[in-house]
Amino acid sequence: MALANWEESDSAKARQIWIDYQRQHDLSARIGQTAGIDPRSGRIWFGSSVRDIVSQRAAEGLHSPLYFERVGSEAYLHKGSRW
């Protein structure tokens, strides 16, 4: 699945996979980690960063786009500051 072929339905499916996973697993030891969710396979990778997960997947020969979440956060990245 090329990035150009990523659909909103892929994002919706990945979000649902993530919601279901959180209901079934205790993630308290993974707070702050990055989760990469493949909406096609339903597989989830965990790592310290997006780069870490991409490296893990490259070692497995996988290169399809993923949906990313930060464990324990409402949003993966907050940009900007008003200090």
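The structure is a predicted model, in which local features need pLDDT of at least 70 and side-chain atom pairs count only at pLDDT 80 or more, while totals for chains, interfaces and linings use all residues. Residues are numbered from 1 along each chain as its sequence is written, and side-chain values use heavy atoms, with hydrogens and water left out.

The protein chain contains two helices and three strands, taken as DSSP runs (helices H or I, at least four residues; strands E, at least two) and numbered from the N terminus. Their order from the N terminus is α-β-β-α-β. Of the 83 residues, 30% are buried; buried denotes under 20% relative accessible area, exposed over 50%, and partly exposed in between (1.4 Å probe, protein chains only).

Four salt bridges were counted, each defined as a side-chain nitrogen of Lys or Arg within 4 Å of a carboxyl oxygen of Asp or Glu. Side chains of opposite charge can pair when their charged atoms come close. One of the salt bridges joins Asp-10 and Arg-40 (3.4 Å, N to O). Asp-10 belongs to helix α1 (residues 8-24) and Arg-40 to the loop between β1 (34-37) and β2 (44-47), so this pair ties together parts that are 30 residues apart in sequence. Asp-10 is buried at 6% relative accessibility, whereas Arg-40 is exposed at 53%.

Another salt bridge links Asp-20 with Arg-23 (3.5 Å, N to O). These two residues are three apart in helix α1, a separation of about one helical turn. Asp-20 is partly exposed at 30%, and Arg-23 is exposed at 66%.
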